[in-house]
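Thanks for making the time this morning.

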Amino acid sequence: MSTPAREMGRKDGSFEREPARRVFASELRECRYQFKDGEEEKSPTFVLLPTGERCNRIFIVGTLTEKQRQGDQNIFYRGRIVDPTGTFFIMAGSYQPEAMQQLAKIETPAFVAVIGKPSLYRKDEASTPMVSVRVESINIVDKATRDLWVLDTAERTLDRIDEFAVGTGPDVVKAKEQYPTIDPVTFRKIAYDALAQIKM
Amino acid sequence: MDFSEAADRISRKFQKSGQTVDPKKIEGKLRRLIEEFGVQPSEAERSVTNELNKEFNIPAMGTGGGASGGGGGTAEKKIADAAPGEWVTIEGKIVALAAPASPAIAQGGIIADESGAIRFVAWAKANAPAMAQGSWYRIESAVVDEFKGIASLKIHSGTTIKEIDDDRALMPNTVPITGLHPGIGSIRAKVVQEWDASHERMLQSGLLGDETGTIKFVIWKEPGKESLAPGSVYNIFYALVDEYNGRLSLNLNTAMIMQEEGDIAVSGGEAAVSGAIVHVAPGSGIIKRCPVEGCNRALSRQNYCPVHEIQPKFTYDLRIKGWLDDGEKTHSVLLQRDVVESLTGISLDAAKEIAENNPLGMDEVFLQMRDKVLGRYITCHGREIDNRVLVNKCERVAFESGKHAALLNRAGGAS
């Protein structure tokens with residue numbers, strides 16, 4: 001039965017796009033572990049969330065509070081996006097020309113939606129890793145979209161916390177190993193505070 | 001370690017069924033399994049019990065092993081209730097036989113009763129009598145196991161098979177296509193699409209549909225197999241339901257297929273997906289289409305149709321191709337013209353006006369539409385075909401204060 005299965009896969013293109021995970025800034029900030037799934041050069045890179053889920057891509061909505069043009073030859077933009085729990089650090093360079101142009105155009109402050117790839121980097125060997133998000137797309141949105149995102153992200157975060165408590169999946173096990181000092185239950189409080197900030 | 005207690009326990013059990021076994025002999029077997037082979041004590045006890053069962057021709061006592069006690073056989077079950085990991089006794093009719101895929105397999109196929117159907121495999125080592133298609137059998141002490149999420153009945157050397165004389169009536173229950181799950185399924189469906197064979201061994205492949213949805217099917221070349229007629233309705237009993245990449249498909253080679261009168265209003269696999277638009281792909285916005293009757297292909301910027309070449313008298317259309325992401329899965333979506341118009345507030349006429357008069361032309365339409373949908377939460381309804389949702393209706397997700405309150409409770413409640 002393996003032959004038909006393979007045929008089907010090829011026919012429809014078995015490519016699955018990596019979903020954009022929903023995560024609050026204060027959880028993403030805690031990430032310290034990054035890994036590649038597979039040996040190939042093009043294998044996707046994942047950042048492991050303390051709540052036990054890998055993410056290759058994230059979707060965030062928040063307030064772009066600052067942006068800054070940097071570099072002389074290789075121009076790139078950095079920005080800060082604030083959600084109810086903390087700050088995301090984003091960047092867009094010449095490899096993401098469209099995202100960079102979009103970011104250059106947006107006047108701060110503004111509600112923005114960002115689809116991007118998180119990665120860890122260090123300023124130097126001694127410093128603790130920082131998480132920054134390489135922007136794939138960025139767009140101005142409204143407050144209603146921001147509120148929907150807070151709901152969405154709170155729900156996904158709570159789902160992950162519940163799964164973490166009972167789960168035995170490899171990513172949950174890995175998270176327990178990599179983040180021994182983080183109790184994911186703290187993110188429940190963070191989700192609560194984020195939700196409580198939405199005024200009805 | 002002391003094995004005498006376990007040995008006594010096993011020995012007593014066999015005494016009940018009138019057999020005498022020397023506890024010393026049992027103890028020796030247990031010791032060998034546990035000390036030499038590092039087998040868990042409970043597993044060793046089970047294994048020795050089963051070995052003796054076989055020796056005395058007593059039906060095995062189930063996976064619970066020593067603990068289950070009381071010399072009953074395996075549970076007599078309806079096929080639909082047989083769960084992986086269980087030892088079962090069932091009565092059913094052989095509804096299909098398939099060519100064995102390996103010399104280790106004597107016979108394989110499908111056995112059914114009025115509750116359902118299950119795949120079965122008789123190992124060559126089992127020395128089981130060959131079963132005939134269309135006959136009823138009582139199969140005692142077979143094991144249900146699971147491979148890739150599909151349950152199947154394994155007939156091994158401890159299984160006994162008896163033919164049942166009376167031919168009972170058996171009418172399979174057809175289920176809606178959306179109710180199928182991996183294993184065996186029976187449906188009443190219409191052939192809605194026929195695809196080019198992608199493999200020389202393939203007789204036919206395409207799409208079957210009913211009121212609830214659609215599913216891909218395949219028939220492999222085999223003597224006596226016939227193609228289905230597109231547009232016709234069939235009763236299909238006992239097809240193999242396979243799963244690949246989370247999607248189901250039907251292999252009809254084992255199935256009983258009967259053409260039927262009548263028609264089915266096929267639902268396009270009405271899918272509703274909610275999430276955020278995370279990408280608007282090139283080729284979205286306003287496009288030109290080939291005007292040749294029945295073609296309607298999208299033209300390149302130079303008005304070139306892949307089939308009908310240059311077509312200066314094209315027609316305009318709107319569409320958005322993109323990815324809708326719910327955080328768990330990303331769906332490919334294709335929004336048709338009226339959906340695009342209502343979502344973006346840009347009508348085809350307005351888009352035409354921009355395309356023909358704005359210096360950026362069609363690109364400007366793309367940019368304006370992207371700015372209106374990228375990063376927004378929407379719900380799309382439509383037909384899902386080959387992992388792409390053809391959207392015929394969509395709306396923006398609204399903030400639900402009920403959901404907000406429920407999440408506040410959930411986040412605050414359990415801390």
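Leaving out residues up to four places away in sequence, B:Ser152 touches B:Ile118, B:Arg119, B:Val143, B:Val144 and B:Asp145, where contact means heavy atoms within 4.5 Å. Before I go on, please keep in mind that this is a predicted model, in which local features need pLDDT of at least 70 and side-chain atom pairs count only at pLDDT 80 or more, while totals for chains, interfaces and linings use all residues. Residues are numbered from 1 along each chain as its sequence is written, chains are lettered from A and ligands numbered from 1 in the order in which they are written, and side-chain values use heavy atoms, with hydrogens and water left out.

B:Ser152 belongs to strand 6 of chain B, residues 150-155; helices (H or I, at least four residues) and strands (E, at least two) are DSSP runs, numbered from the N terminus. Its relative accessibility is 9%, so B:Ser152 counts as buried, the cut-offs being under 20% relative accessible area for buried, over 50% for exposed and partly exposed in between, with a 1.4 Å probe and protein chains only. The side chains of B:Ser152 and B:Lys154 are joined by a polar contact of 2.6 Å, that is, a pair of N or O atoms within 3.5 Å, where within protein one must be able to donate a hydrogen and the other to accept it, and residues adjacent in sequence count only if both atoms are side-chain atoms.

Now to helix 4 of chain B, residues 337-344, in which B:Val339, B:Val340, B:Leu343 and B:Thr344 are buried. Viewed down the helix axis, these buried residues fall within an arc of 105°, so they line one face of helix 4 of chain B; the arc is taken over the directions from the helix axis to the C-beta atoms. Among the elements of chain B that they pack against are strand 18 (315-325) and helix 6 (362-373). After helix 4 of chain B comes B:Gly345, with a positive phi near 75°.

Finally, the interface: the contact takes 48 residues from chain A and 47 residues from chain B. Between chain A and chain B there are 7 salt bridges, each a side-chain nitrogen of Lys or Arg within 4 Å of a carboxyl oxygen of Asp or Glu. One salt bridge pairs B:Arg370 with A:Glu98, whose closest N and O atoms are 2.8 Å apart. Helix 4 of chain A gives the most to the side of chain A that touches chain B, with 11 residues.
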